[in-house]
Amino acid sequence: METLSENTCFGGVQGVYRHASSACQCDMTFGLFLPAEAKDGPVPVLWYLSGLTCTHENAMTKAGAQGWAAEQGIALVFPDTSPRGEGVADHEDYDLGQGAGFYVNATQAPWAPHFNMWDYVAEELPALLVERFAIDGDRQAITGHSMGGHGALTLAMNLPGRFRSVSAFAPISNPTASDWGRKQLSAYLGDDEAAWAKHDASLLMKEKGFDGPILIDTGTNDQFIDLLRPEALAHATAERRQQATNRLQPGYDHSYFFVSTFMEDHVTFHAEALYGD
Ligand SMILES: N[C@@H](CCC(=O)N[C@@H](CSC=O)C(=O)NCC(=O)O)C(=O)O
């Protein structure tokens with residue numbers, strides 16, 4: 001693993017690291033914020049999964065999360081959103097290929113050799129973090145934005161016991177019924193929609209739900225709200241009588257101005273779960 005940068009930040013360290021990924025068969029870069037408490041021993045961690053077109057860098061520089069995480073003594077990890085590099089398949093559309101991994105393991109050509117973001121985020125990167133940094137693997141929580149909100153919700157519901165809490169900013173909530181989903185799931189997983197179901201938060205909510213608290217924020221002026229389908233997840237959540245707070249924030253759009261506005265709420269929400277019994 002190579003250290004690309006380390007900067008003192010809110011009394012802790014914001015680092016950027018690169019490593020050879022066996023899941024993605026290429027070099028992967030991630031950001032990791034460690035609060036001051038990490039000098040004394042392992043700290044809880046909040047995962048932040050980013051959206052379409054993002055690298056590890058967008059949320060790290062625009063979400064304003066480090067100050068709130070420092071107050072709570074929580075680490076933040078910012079993975080990339082896809083494998084990258086010259087030998088890695090790509091597409092001219094911004095919402096497919098590099099920058100658009102959708103947090104699945106691709107089974108279809110030309111994506112299958114590298115596009116294994118599910119294994120990367122669920123298995124490889126957590127193991128590396130616990131081994132190489134002062135991270136407490138028993139206290140993990142997860143959040144994300146848009147495509148990353150989809151990733152956060154689907155990982156949390158598919159991996160019971162892994163995450164104590166899950167939240168999302170403007171998540172893609174019902175990708176099997178949206179152009180932000182059908183296009184990518186058919187490209188990466190093929191046309192058999194049975195294989196898509198474990199990657200749809202609304203379907204997962206109906207089938208299994210989440211054993212912990214959920215917080216979701218979406219802006220009423222989100223330019224992509226028809227693609228996000230927040231109503232599908234809200235409906236499934238209510239039908240299941242799942243513990244959840246689903247908020248529609250008046251006037252907010254899809255941007256990081258929205259994400260950063262509600263970041264304090266989300267970090268505080270996760271801190272309560274991470275420091276609870
Ligand atoms: N380029 C596209 C939209 C790209 C976009 O808005 N990406 C969002 C995530 S969307 C869902 O996953 C984002 O986080 N962008 C990075 C940023 O720093 O804002 C278009 O223009 O339509």
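Serine 146 counts as buried because it has 26 C-beta neighbours inside 10 Å; a residue is buried if 20 or more other C-beta atoms lie within 10 Å of its own, exposed if 12 or fewer, and partly exposed in between, with C-beta atoms placed from the backbone. The model is a predicted one, in which local features need pLDDT of at least 70 and side-chain atom pairs count only at pLDDT 80 or more, while totals for chains, interfaces and linings use all residues. Residues are numbered from 1 along each chain as its sequence is written.

Serine 146 sits in the loop between strand 6 and helix 4 (147-158). Helices (H or I, at least four residues) and strands (E, at least two) are DSSP runs, numbered from the N terminus. The phi of serine 146 is positive, near 60°, in a residue other than glycine.

Ser146 also belongs to the surroundings of the ligand, where the closest residues are Gly51, Leu52, Asn58, Ser146 and Met147. In total 13 residues surround the ligand, a residue being near a molecule or strand if its C-beta atom, placed from the backbone, lies within 6 Å of it. This shell divides into 5 nonpolar, 7 polar and 1 charged. Here Ala, Val, Leu, Ile, Met, Phe, Trp, Tyr, Cys and Pro count as nonpolar, Asp, Glu, Lys and Arg as charged, and the others, Gly among them, as polar.

An open sheet is formed by 9 strands in the order 1-2-3-5-4-6-7-8-9, with mixed pairing; two strands pair if DSSP finds at least two bridges between them. Strand 1 (2-9) and strand 9 (245-249) are the edge strands, each pairing on one side only. On average, neighbouring strands of this sheet are turned by 20° against each other, direction ignored. Within the sheet, strand 3 (residues 26-34) and strand 5 (residues 75-79) run antiparallel and are joined by 4 bridges. Phenylalanine 30 stands opposite proline 79 in strand 5.

Helix 3 (residues 117-132) packs on the sheet and touches strand 2 (12-21), strand 3, strand 4 (43-49), strand 5 and strand 6 (135-144). Contact requires C-beta atoms, placed from the backbone, within 7 Å. The direction of helix 3 makes about 140° with that of strand 6; axes are lines fitted to C-alpha atoms, for helices over the stretch in contact, and angles run from 0 to 180 degrees between N-to-C directions.

The loop between strand 5 and helix 3 contains tyrosine 103 and proline 110. Tyrosine 103 has a positive phi of about 60° although it is not a glycine, and it counts as buried because it has 23 C-beta neighbours inside 10 Å. The peptide bond from alanine 109 to proline 110 is cis, with omega near 0°.

How values were computed: Contact = placed C-beta atoms within 7 Å.
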